[in-house]
Amino acid sequence: FPTAFAGKERRVEMTGEVYFEVAPLTPKGGHGRVPFIVSIVSPSGKPDGAEIQVLGTHFNVMAYKDESALETTLLEGSVKFMKDNNAAMLKPGQQLQLTEKGQFKVVSGVDLTKVVAWKNGFFDFEGLNFETIARQLSRWYNVDVVYNRKIDDLFYAEIPRGTKLSVVLKALELTGKIHFEIEGSKIIVLI
C-alpha cells in the first residue's frame, strides 16, 4: 500500500491475512467520502477480481492459497464484498466465505475473538482438526508438515504466538492424540 493515498479512492492489494481499521475520509472540500477498496490478489500475484469496499470499519480478511475459502469477517461498520457479478453486504459479526468454486456463503454469529486471535498474538486451536492447525504452524514457523494419514481428532488450545515451535508441539502431544519429530524445517507427525 502507498505511504499516502491520492485520488478518488484508497486502494490496497493483499494476500494472506490482514486486519483493517479504516477511518472514514472526506476529500478536500468535504463532499462525499473517499472509499477504501481492498483488492484480493491470487497466489499467482494477479488480482483475482474479488474486492471489498468500505468507508470506515474494522474487518479481517483471510486469503491464503492453502485454505479452502477466502474469509472476510466484519467486526464493526459495514463492508461490501464483490466478486465478478456477485456482491454481499456484511453486518458486524458476519463472515463471508468465498469458496474455491466462487460460491458466497454469509455466516452470522461468528466468534470474533477467534477470528482476530492471530492479530492479538495467539493461536486459537479451539475445536480445530490437525490439518488446519498444521497450515497455521507451517505459515507462522516457516516449516513443512508431513504425515501419512488424516488425524480425525479435534484439538483445543490457546497458545501465544511467541511460543517456540517445540513447546507448541509438546502441548499438542500432551493430548495423547499425536506425536512429532522435528528434522530441520520439517515436522514429521508420528502416529
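In this predicted model, the side chains of Arg-139 and Asp-66 form a salt bridge at 2.7 Å, N to O. A salt bridge here is a side-chain nitrogen of Lys or Arg within 4 Å of a carboxyl oxygen of Asp or Glu. The pair links distant parts of the chain, 73 residues apart. Arg-139 lies in helix H2 (residues 130-141), and Asp-66 in the loop between strand E5 (57-63) and strand E6 (69-76). Helices (H or I, at least four residues) and strands (E, at least two) are DSSP runs, numbered from the N terminus. Arg-139 is partly exposed, at 27% relative accessible area. Asp-66 is also partly exposed, at 38%. Buried means under 20% relative accessible area, exposed over 50%, and partly exposed in between (1.4 Å probe, protein chains only).

Arg-135 and Glu-67 meet in a salt bridge between their side chains (2.9 Å, N to O). This pair, too, links distant parts of the chain: Arg-135 sits in helix H2 and Glu-67 in the loop between E5 and E6, 68 residues apart. Arg-135 is partly exposed at 22%, whereas Glu-67 is buried at 11%. Salt bridges with shared partners join Asp-66, Glu-67, Arg-135 and Arg-139 into one network.

The structure holds five salt bridges. Among them is the pair Arg-11 and Glu-9, at 2.9 Å, N to O. Arg-11 is partly exposed at 32%, and Glu-9 is partly exposed at 31%.

Residues are numbered from 1 along each chain as its sequence is written, and side-chain values use heavy atoms, leaving out hydrogens and water. Local features need pLDDT of at least 70, side-chain atom pairs count only at pLDDT 80 or more, and totals for chains, interfaces and linings use all residues.
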